[in-house]
Amino acid sequence: MTTVAGVHTVLPPHVYAQEDLTEAIGDLCLAPGADRALLRRLHRSSGVRTRHLALPIERYAGLADFGESNDAWLAAGTRMGAEAVAGALRQAGLRPVDVDLLLCTSITGVAAPSLDARTAGRLGLRPDVKRLPVFGLGCAAGAAGLARIHDYLRGHPEDTAVLLSVELCSLTLQRRDDSAANLVAGALFGDGAAALVARGAACAGSAAQGRRAGPAVVAARSHLYPGTERLLGWDVGAAGFRVVIDAGIPDLVRGHLGAGVRAFLAEQGLAPADIGTWVCHPGGPKVLATLTETLGLPADALAASWSSLARVGNLSSASVLHILQGLRDAGRPEPGTWGLLMAMGPGFCSELVLLRW
């Protein structure tokens with residue numbers, strides 16, 4: 001089976017308490033003199049205490065257009081991405097030349113050459129490294145990326161693969177846009193990069209020698225929900241990426257995701273009660289509360305997700321990797337524990353990855 005040998009998160013140095021961001025984001029998004037009651041209510045109820053931003057908050061008002069925002073994403077993202085991969089490789093006891101596949105995902109900027117090509121040169125990956133840049137999976141891409149790496153390593157069991165997520169969500173915030181979706185995004189999303197190193201079955205044991213072994217990937221499942229394309233995503237225009245977030249997402253989770261999770265686990269002879277560790281993308285308080293209710297989980301089952309949301313906000317595809325690192329740093333869970341890593345994203349889609357420590 002595929003084994004996670006290392007995971008490392010990099011957060012930008014500009015960190016702010018949520019209450020200190022509220023008025024600054026209001027200055028960016030709202031017209032002068034506009035009522036800020038909704039903005040303040042969203043920030044207070046977001047579950048977020050602190051966030052890291054790619055730029056100092058005072059710099060955002062000076063970004064003239066999408067081109068300047070994207071340039072900032074490329075500069076910070078290349079630096080942070082390389083640092084994340086280097087940290088994950090160190091944790092796994094590997095070198096850049098050991099990497100056979102680099103899958104890179106981001107939904108917050110675009111570039112050609114892509115971030116993976118720039119990271120390869122910066123770190124000294126082999127010239128024959130396989131690269132796969134991914135755009136469009138959004139928050140689901142951390143889970144989907146791990147699943148696709150697992151698919152690859154099943155066919156290449158002697159290889160090492162790296163998943164890199166770079167999400168600088170603050171650079172997509174739309175100026176003078178008082179839509180509910182933009183204000184929700186401004187209350188929830190933070191910036192960060194994360195990398196995960198995985199090894200195939202033929203070499204996974206060597207990476208764990210002298211180190212705490214990470215989880216093995218047992219199975220994965222993807223699901224698209226027809227007719228839900230407008231629930232989550234981007235409207236792309238001259239100003240860049242304008243967020244689409246529909247209030248019906250918790251209803252879809254309540255109506256469909258629980259049954260899908262139960263069916264997926266049942267195929268492995270498991271039920272939700274058998275899962276000792278839940279690694280759920282922290283889409284927001286309503287989504288986490290709905291997941292807890294729908295799956296009939298104990299109140300503290302998603303504690304790691306709530307903690308990640310509070311400490312850094314929603315990091316889009318990087319969030320599940322941030323949660324995995326937190327579990328590893330805390331020395332949890334115990335060997336033999338079953339885990340389910342899950343996320344949702346544009347499509348509308350869900351991604352499930354069954355883990356065992």
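Predicted model: local features only at pLDDT ≥ 70, side-chain atom pairs only at ≥ 80, totals over all residues.
Residues are numbered from 1 along each chain as its sequence is written, and side-chain values use heavy atoms, without hydrogens and water.

**Exercise 1.** State how much space lies in the largest pocket and which residues lie nearest its centre.

*Solution.* Start with the term: on a 1 Å grid over the protein atoms alone, a pocket is an open set of points where a 1.4 Å probe fits, with protein on both sides within 12 Å along at least five of seven lines; lining residues have an atom within 4 Å of a point. Volume is the space filled by probe spheres set on the points, which are joined across faces, edges and corners. The largest pocket holds about 660 Å³. Its lining has 26 residues, with Val184, Leu188, Ile245, Gly283 and Lys286 nearest the centre.

**Exercise 2.** Find which element gives the largest share of that lining.

*Solution.* Helices are DSSP runs of H or I with at least four residues, and strands are runs of E with at least two, numbered from the N terminus. Helices H2 (37-44), H6 (180-188), H8 (249-267) and H9 (285-294) each give two or more residues. The largest share, 5 residues, comes from H6.

**Exercise 3.** Describe the second largest pocket by volume and lining.

*Solution.* Its volume is about 380 Å³. Of its 29 lining residues, Cys169, Thr172, Phe189, Trp234 and Val243 are closest to the centre. Strand S9 gives the most, 4 residues.
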